[in-house]
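This briefing walks through the strands, helices and aromatic rings of one model, grouped by topic. Please read it with the sequence and the structure side by side.

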Amino acid sequence: MTDVVRKIMNVPGLWRGNGAQVKQIAAAEKTLGIKFPEEYRKYVEEFGCVLVAGHEWTGLNVNGSDNVITATLSERSNDTRFPMNVFVLESWGTDGIRTVVDEAGKVYTWQGGKLVPDCNSISEYLDYCLKDLKDA
């Protein structure tokens with residue numbers, strides 16, 4: 001079990017989808033032309049997608065903008081500057097802000113054609129998402 005999966009399992013009030021099969025994950029990678037980092041693969045395999053502490057993370061076995069394929073392809077078609085080696089983890093819904101992850105698992109903010117480094121891993125980004133829960 002990866003660190004991010006273990007952390008998510010301990011979140012109170014977690015909404016989760018249905019876990020994805022390995023073949024679904026491989027098909028998503030093929031469609032997007034990228035390789036998901038191991039943390040994301042394990043997260044999607046376990047949960048499908050989640051709503052954690054008000055953050056809607058993309059995944060599989062879900063429709064619409066929470067589907068990693070739909071969200072990433074939408075960004076690619078809406079902005080030719082969107083990097084081909086990242087996928088959308090979270091759409092903030094305001095000001096075109098997206099949290100994206102590269103194949104190495106590093107997390108960035110994407111907005112207005114700029115990619116700004118945020119966290120070294122999805123697990124570290126989860127800590128950021130959970131900060132408000134810990135402070136409450």
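Arg-98, Val-100 and Asp-102 point one way from E5, while Thr-99 and Val-101 point the other way, and all are buried. In a regular strand the side chains alternate between the two faces of the sheet. The model is a predicted one, and the points below should be read with that in mind.

**Strand E5 and its neighbours**

- Strand E5 covers residues 98-102, and because five of its five residues are buried, the strand is largely enclosed by the rest of the structure.
- On one side, E5 is joined to E4 by five bridges, and the two strands run antiparallel; within this pairing, Val-86 has Asp-102 of E5 as its bridge partner.
- E4 and E5 form a hairpin with six residues between them, and in the turn Gly-93 has a positive phi of about 80 degrees.
- E5 also pairs with E6, again in the antiparallel sense, over four bridges; here Thr-99 stands opposite Thr-109 in E6, and Val-101 has Val-107 as its bridge partner in E6.
- The hairpin of E5 and E6 has four residues between the strands, and Gly-105 takes a positive phi near 95 degrees there.

**The sheet as a whole**

- Four strands form an open sheet in the order E4-E5-E6-E7, with antiparallel pairing.
- The edges are formed by E4 and by strand E7 (114-119), each of which pairs on one side only.
- From one strand to the next, the twist averages 35 degrees.
- Helix H4 lies across E4, E5 and E6, and runs at about 105 degrees to E4.

**Packing of helices H2 and H4**

- Helix H2 (residues 22-32) packs with H4 at an angle of about 5 degrees, the axes being 10 Å apart, which means that H2 is roughly parallel to H4.
- On the H2 side the contact is made by Ala-28, Thr-31 and Leu-32, and on the H4 side by Val-68, Ile-69, Thr-72, Leu-73 and Arg-76.
- Sorted by class, the residues in the contact of H2 with H4 are five nonpolar, two polar and one charged.

**Aromatic pairs**

- How many aromatic pairs does a search of the whole structure find? The search finds nine aromatic pairs.
- One of them joins Trp-57 and Tyr-125, whose rings are stacked, at 6.0 Å centre to centre and with 25 degrees between the planes.
- Because Trp-57 lies in strand E3 (residues 55-57) and Tyr-125 in helix H5 (residues 122-135), this pair ties together parts that are 68 residues apart in sequence.
- Both partners are buried, Trp-57 with a relative accessible area of 0% and Tyr-125 at 2% relative accessibility.
- In the pair of Phe-82 and Trp-110, the ring centres are 5.4 Å apart and the planes stand at 85 degrees, so this pair is edge-to-face.
- Phe-82 lies in the loop between helix H4 (68-78) and strand E4 (86-91), and Trp-110 lies in strand E6 (residues 107-111), so the pair ties together parts that are 28 residues apart in sequence; Phe-82 and Trp-110 are buried as well.
- Ring pairs also link Phe-36, Tyr-40, Tyr-43, Phe-47, Trp-57, Phe-87, Tyr-125 and Tyr-128 into a cluster.

**Helix H3**

- The buried residues of helix H3 (residues 38-47) are Glu-39, Tyr-40, Arg-41, Tyr-43, Val-44 and Phe-47; of these, Tyr-40, Tyr-43 and Phe-47 belong to the ring cluster described above.
- Just after H3, Gly-48 takes a positive phi of about 80 degrees.

- Is His-55 buried or exposed? His-55 has its place in strand E3, and at 9% relative accessibility it counts as buried, because the cut-off for a buried residue is under 20%.
- Apart from its neighbours within four places in sequence, His-55 is in contact with Val-50, Glu-90, Trp-92, Tyr-125, Tyr-128 and Cys-129; among them, Tyr-125 is also the stacked partner of Trp-57.
- Trp-92 is 37 residues away from His-55 along the chain, and the C-alpha atoms of these two residues are separated by 8.3 Å.

How values were computed. Residues numbered from 1 in each chain as written. Predicted model: local features only at pLDDT ≥ 70, side-chain atom pairs only at ≥ 80, totals over all residues. Heavy atoms only, no water. Phe/Tyr/Trp six-rings, centres within 6.5 Å; stacked < 30°, edge-to-face > 60°. Buried < 20%, exposed > 50% of the residue type's maximum accessible area, 1.4 Å probe, protein only. Pairing = 2+ DSSP bridges. Axes fitted to C-alpha atoms, helices over the stretch in contact; angles between N-to-C directions. Parallel < 35°, antiparallel > 145°, perpendicular 65-115°, else oblique. Contact = heavy atoms within 4.5 Å. Nonpolar A, V, L, I, M, F, W, Y, C, P; charged D, E, K, R; others polar.
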